[in-house]
Amino acid sequence: MCALLNETLGVDKNDSNGNDSYYSERDVNTKSLSDYALSEAYVNFYKGVAEDILFYGMCIVGPFGLLGNLLSVCVFLRSPSLRRTTTGQWLVALAIADSTVLIGEIFRWLSSVRIHISGKYFYCFPPSLGLNFFHATSAGCKITHFLRYSGSLWSAWITVAIAVERLIAVAWPLKIADISTPRRVQILIALIAFSGLALGLFPFWTVDLLARKNVPRCRISNERAYSLWNDIVIKFCSLFIPCTLITVLTVVIIGLLYHARNRRKACLSASIKSRQQSTSMRLISVEAQMTITLVAVCVSTIALRSPYTIAYHIRSHVRETDHDNKTLDVITYFANLLTGLINTINYAVNFLLYCLWGSSFRKECAKLLRCSVNDDQIIAPTGKRLLSNDVLSADRIE
């Protein structure tokens, strides 16, 4: 079975054998040796199952998410109509932030190990491949955590900003063009990115590559500082506060949309000219489509991040208070890793949401793919790629 060496945040707080530190000599002295071995096997088996789910899930989520985010960026940047809108700028920044998290998660996934029921670990990928960036160097350990933490902050607060913008667009549709301008959005994106990168720097002085019995692993090097920064950056700034804000804003937006829909129906029913009615319907359709797409992003963020937020806080509480309850430890560990995988899906699913709810995005994506296919097909006999009829004519003259 494949397993990650790390706890919730990817930092190994176990002893040199990979077992939880609270299995102390006191446990061995108060139990028979057979009872202790059975309990240890039970813990390792169910933790291994949870880690297998995470490992094989990341095989799909990581590559798919990076590809989807790359296509999203290409579509938004290629289309002038999408690139020039504030919505397009927000979604490009969101795709970059999500990719940052996925890169960090993939670095950690490449250092995965196999766990035997006895508790012994060995790498899933042969060390000769050189894929163990996370546990191989101190820089790899720090950079991996930096990418995960800073990207998570960046993504969370960009989603909050998107929800705020949609709230303004629905509540004050005539003022949104003056309030949310491309220049202001660019400044806000830069501020959010800078803040996320700054707050995500704490792994550079709180974690390091430490060896126990000549086995180097990425571990916490400054427990006190790490706990403080972890509470501020991860528990509150990245999980609890953004999830709460996004939930409240999304509920308000859905309520305003419901009332706006009724008002718009009344206005359309009073229109006299059919051409004006058709134009109004088309404009409303475009605005509603944009709002629905962004609300879908917010709803998916709530649905995918909230379980991990709850499981993470429960797991942290159990690790700090109830050290002797092995059953509770296994349950919270299993729930934490499973919801952690679901949380990672949040960084990979937006491309599907854009395709599902945004017809403009689908059209631009189809154009991008058709252009790629056509470019591959238009090749000169000499092997040169020809991009237009003008180029073809020039080559014939030469």
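Cys 141 touches Phe 133, Phe 134, Val 207, Asp 208, Leu 209 and Cys 218, when residues up to four places away in sequence are not counted, a contact meaning heavy atoms within 4.5 Å. The model is a predicted one, in which local features need pLDDT of at least 70 and side-chain atom pairs count only at pLDDT 80 or more, while totals for chains, interfaces and linings use all residues. Residues are numbered from 1 along each chain as its sequence is written, and side-chain values use heavy atoms, with hydrogens and water left out.

Cys 141 lies in helix α6, which covers residues 138-171; helices (H or I, at least four residues) and strands (E, at least two) are DSSP runs, numbered from the N terminus. Cys 141 counts as buried because its relative accessibility is 0%, where buried means under 20% relative accessible area, exposed over 50%, and partly exposed in between, with a 1.4 Å probe and protein chains only. The C-alpha atoms of Cys 141 and Phe 107 are separated by 9.3 Å, and the two residues are 34 apart along the chain.

Helix α6 also holds Ile 143, which is partly exposed, with a relative accessible area of 31%. Together with Phe 133, Leu 201, Phe 204 and Trp 205, Ile 143 forms a nonpolar patch on the surface, with about 420 Å² of accessible area for the five residues together. Patches are made of residues with over 30% relative accessible area and no salt bridge, like charges being joined within 9 Å and nonpolar side chains (Val, Leu, Ile, Met, Phe, Trp, Tyr) within 5 Å. Accessible areas come from the Shrake-Rupley method with a 1.4 Å probe, and for residues only the protein chains shown count as cover.

**Salt bridges**

Side chains of opposite charge can pair when their charged atoms come close. A search of the whole structure finds seven salt bridges, each defined as a side-chain nitrogen of Lys or Arg within 4 Å of a carboxyl oxygen of Asp or Glu. The table gives three of these pairs.

| Pair | N to O distance | Location |
|---|---|---|
| Asp 329 and Lys 47 | 3.2 Å | helix α12 (residues 326-345) and helix α2 (residues 33-78) |
| Glu 105 and Arg 108 | 3.1 Å | helix α4 (residues 86-109) |
| Lys 235 and Asp 231 | 3.1 Å | helix α10 (residues 223-269) |

The salt bridge between Asp 329 and Lys 47 has an N to O distance of 3.2 Å, and this pair links distant parts of the chain, 282 residues apart. Asp 329 and Lys 47 are both buried. The charged end of Lys 47 also sits over the ring of Tyr 333, 4.8 Å from the ring centre; this description requires NZ of Lys or CZ of Arg within 6 Å of the ring centre and within 35 degrees of the ring normal.

The other two pairs lie within single helices. Glu 105 and Arg 108 are separated by about one helical turn because they are three residues apart in helix α4. Glu 105 is buried at a relative accessible area of 10%, and Arg 108 is buried at 7%. Lys 235 and Asp 231 are four residues apart in helix α10, about one turn of the helix. Lys 235 counts as buried at 11% relative accessibility, whereas Asp 231 is partly exposed at 28%. Salt bridges that share partners join Lys 47, Arg 315 and Asp 329 into one network.

**Aromatic pairs**

A pair of aromatic rings is described by the distance of the centres and the angle of the planes. The structure holds 15 aromatic pairs; rings of Phe, Tyr and Trp (its six-membered ring) pair if their centres lie within 6.5 Å, and planes under 30 degrees apart count as stacked, over 60 as edge-to-face and the rest as tilted. Phe 76 and Tyr 354 form an edge-to-face pair, with 5.7 Å centre to centre and 75 degrees between the planes. Phe 76 lies in helix α2 and Tyr 354 in helix α13 (residues 350-357), so this pair ties together parts that are 278 residues apart in sequence. Both Phe 76 and Tyr 354 are buried.

Phe 202 and Tyr 226 form a tilted pair, with 6.0 Å centre to centre and 55 degrees between the planes. Phe 202 is in the loop between α8 (182-199) and α9 (203-206), and Tyr 226 is in helix α10, 24 residues apart. Tyr 149, Phe 202, Trp 205, Tyr 226 and Trp 229 form one aromatic cluster.

**The chain as a whole**

The secondary structure of the chain comes to 15 helices and five strands, and buried residues make up 46% of its 398 residues.
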